[in-house]
Amino acid sequence: MYLPQTNYSEWRQWQRRYSLAQHFMGDQKVVEIKREMYGVRDITDMSPREVELVVLKCREVWCGERQNAG
């Protein structure tokens, strides 16, 4: 498990945002994006910054899909 050098609340904040991305995009899509970026690592082994980058990429993909659909 990742032991944050910064602070635990930051790590939990990004984990919650990751969970929200899973809610809106579906677990499989989020896992595919994470796998593209970081391989098969578990989210609990990732730093807050890595989780943040996955969440931001999910947001970018999700917003792009919504614009293309509308």
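**View 1. Pro48 is a buried residue.** With a relative accessibility of 5%, Pro48 counts as buried; buried means under 20% relative accessible area, exposed over 50%, and partly exposed in between, with a 1.4 Å probe and protein chains only. Pro48 belongs to helix H3, which covers residues 48–69. Helices (H or I, at least four residues) and strands (E, at least two) are DSSP runs, numbered from the N terminus. Ala21 lies 27 residues from Pro48 along the chain, and their C-alpha atoms are 15 Å apart.

**Notes on the model.** This is a predicted model, in which local features need pLDDT of at least 70 and side-chain atom pairs count only at pLDDT 80 or more, while totals for chains, interfaces and linings use all residues. Residues are numbered from 1 along each chain as its sequence is written, and side-chain values use heavy atoms, with hydrogens and water left out.

View 2. A disulfide is a covalent bond between the sulfur atoms of two cysteines. Here a disulfide is counted when a pair of cysteine sulfur atoms lies within 2.5 Å. The closest cysteine sulfur to that of Cys58 is in Cys63, 11 Å away, which is too far for a bond. Across the whole structure, the search finds zero disulfides. Cys58 is buried, because its relative accessibility is 2%. Cys63 has 36% relative accessibility and so counts as partly exposed.

**View 3. The protein chain contains three helices and zero strands.** In sequence order its pattern is α-α-α. The radius of gyration is 12 Å, close to the 11 Å that the globule rule gives for 70 residues, so the protein chain is as compact as a globular protein of that length. This radius is taken over C-alpha atoms, and the globule rule is 2.2 Å times the number of residues to the power 0.38. The C-alpha trace spans about 40 × 20 × 15 Å along its principal axes. Of contacts between residues at least 6 apart in sequence, 59% join residues at least 24 apart; contact means heavy atoms within 4.5 Å.

**View 4. Charged side chains of the protein chain.** There are 11 positive and 10 negative side chains, and the centres of the two sets are 4 Å apart. Lys and Arg count as positive and Asp and Glu as negative, without His and the chain ends. Each charge is placed at NZ of Lys, CZ of Arg, CG of Asp or CD of Glu.
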